[in-house]
Amino acid sequence: MKQEYNFSRRFFLKTSSALGALAFIPKGVKAFYEEVKNFIVPKKEQLPLTVSINKKSYAIKADTRTTLLDLLREDLNLTGAKKGCDHGQCGACTVHIDGERALSCLTLAAMVPGKEVTTIEGLANGDKLHPMQEAFIECDGFQCGYCTPGQIMSAVACVKEGHTKSVAEIKEFMSGNLCRCGAYNGIVESIQKVAAK
Amino acid sequence: MRPFLFSKSSAINQALAKKNGTTQYIAGGTNLVDLMKKHIAEPESLVDITSALPAKIEVTAKGIQIGAMVRNTPLANDAIILAKYPLIAKAVLAGASPQIRNMASTGGNLLQRTRCPYFYDVTTPCNKRKAGSGCSAIPGENRMSAIVGYSDQCIAVHPSDLCVALAALDASVKVQDKSGKTQSIAFTDFHRLPGTTPERDNNLPANALIHSIEINENAFAKNCAYVKVRDRDSYAFALVSVAAALNLKDNQIVEARLASGGVAHKPWRWLEAEQYLKGKTANAATFEAAADIAIKDLRAQSHNGFKIPMLKGAIETALQQCLNR
């Protein structure tokens, strides 16, 4: 069966002459157009990065603007670290960089090569949960669970730093992690439990 | 974020060679990355200087030198700081959260931008963000704003706690320029008042980077305190804060230092109150009189009149805490 084309003769003539005209535009004009484009639309740079996450090395290309949080969640499918505020105010994205707790939403991925990153996914030993993860389950350290990966990463660091001498000290050194459900008492209990071990 | 080119420098002169109007430097990133996300900072190229700047705390002939790349947590935990300059540690620990203190650098702390809500809201006029566009805080929500040293163009406050302690201790900022030359800027001259140029926060020369902070030895280690009043107990910017330090001899004040955050465009020294305290007996009546001198000429905004009595209380509390009783 013969196929019906909806292109009119007028459309064909218009587009083909426009394309033909484009081919005859002098190189200088095209270069000028490129320059204007480059001026208005800034160049994007893709960086080849080799990052070490949970003792596993990943070679990846990422836009310079990528934060460590986006690299983890979007490129490496490690969605444990959460995007709460994305502005360093809530602590949901807390990970460990070279063993110290840090905010992955305010860390550029480009600054991570050469450092060791640990996320909540790297805490358990196979099927055996980290003592802090177990304590959070036992002490009801969460309700909805969204802030929990950040809370646990921060809690592990809090114990390691030795800031567990009193409830007041634990609260002060956990103040960078907000919990909208208000599971704070359970979180403090979990930390006391692990610190006492 | 606006796209940018990224590079890393491993030496300060190498980093300085890249300096031009469209380059910015990143260390801790705790303020800059946020500003870039909000399109307030839009560098065309970004230079990572975490391995270019000194990251050590060193004892010098006159006192101590804190490298610009020393991060907040090691600064607050440093044995020499705790023994000889504990006011620094107290102020650092009053600021931010443990995560942010692990990341933030000393140099970056000096260069952080104001937290005025209108500076962050790019849909509103702000003379600091866009010169000449107007100030939204003066007729607007200004309970966090300045009560001294402001102008009719800007009433923003400087957000740092560390800087308040550094101002109190008469620190100096060592900067290095493109030619390799270094110069020292007195801490109280480093940050600016808004005047008619609120877009400029400080006097760091255009072709220079902060190399380190220097503090001379002093007699304030035994009697110093940092009091910070804020909307919640921890992890919030100051409504008002006070760094107080006394050099005491048999309960007589030989020398006093008083500085505040949350009150002005720069860390504010209460020089007249300091002068008053000199030679007086350290007691509640003296402290109250000094606090009265500090607050006597303050002029609040439409929504922050509470800051003046709050500051008076904070000054008295800080001076009282200096006595360690």
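Trainee: Which residue of S3(B) stands opposite Ile26(B)?

Mentor: Asp48(B) in S3(B) stands opposite Ile26(B). The model is predicted: local features need pLDDT of at least 70, side-chain atom pairs count only at pLDDT 80 or more, and totals for chains, interfaces and linings use all residues. Residues are numbered from 1 along each chain as its sequence is written, chains are lettered from A and ligands numbered from 1 in the order in which they are written, and side-chain values use heavy atoms, with hydrogens and water left out.

Trainee: How do you know that S2(B) and S3(B) are paired?

Mentor: Strands pair if DSSP finds at least two bridges between them. Four bridges join S2 (residues 23-26) to S3 (residues 45-48) in chain B, and the two strands run parallel. Strands (E, at least two residues) and helices (H or I, at least four) are DSSP runs numbered from the N terminus.

Trainee: What makes the β-α-β unit of S2(B), H2(B) and S3(B) right-handed?

Mentor: A crossover is right-handed if, with the strands pointing away from the viewer, the path from the first strand over the helix to the second runs clockwise. The unit in which helix H2 (residues 32-37) of chain B lies between S2(B) and S3(B) is assigned as right-handed.

Trainee: Why is one side of S4(B) and of S7(B) left without a neighbour in the sheet?

Mentor: The open sheet has five antiparallel strands in the order S4-S5-S8-S6-S7 (chain B). Strands S4 (57-59) and S7 (182-186) of chain B stand at its edges with a single partner strand each, so one side of each has no neighbour in the sheet. Neighbouring strands are turned by 25° against each other on average, direction ignored. The partners S6(B) (residues 172-177) and S7(B) pair in the antiparallel sense over five bridges, and Ser172(B) stands opposite Ala186(B) in S7(B).

Trainee: Which residues of H4(A) make the contact?

Mentor: With contact meaning heavy atoms within 4.5 Å, the H4(A) residues are Pro131(A), Met132(A), Ala135(A), Phe136(A) and Glu138(A).

How values were computed. Axes are lines fitted to C-alpha atoms, for helices over the stretch in contact, and angles run from 0 to 180 degrees between N-to-C directions.
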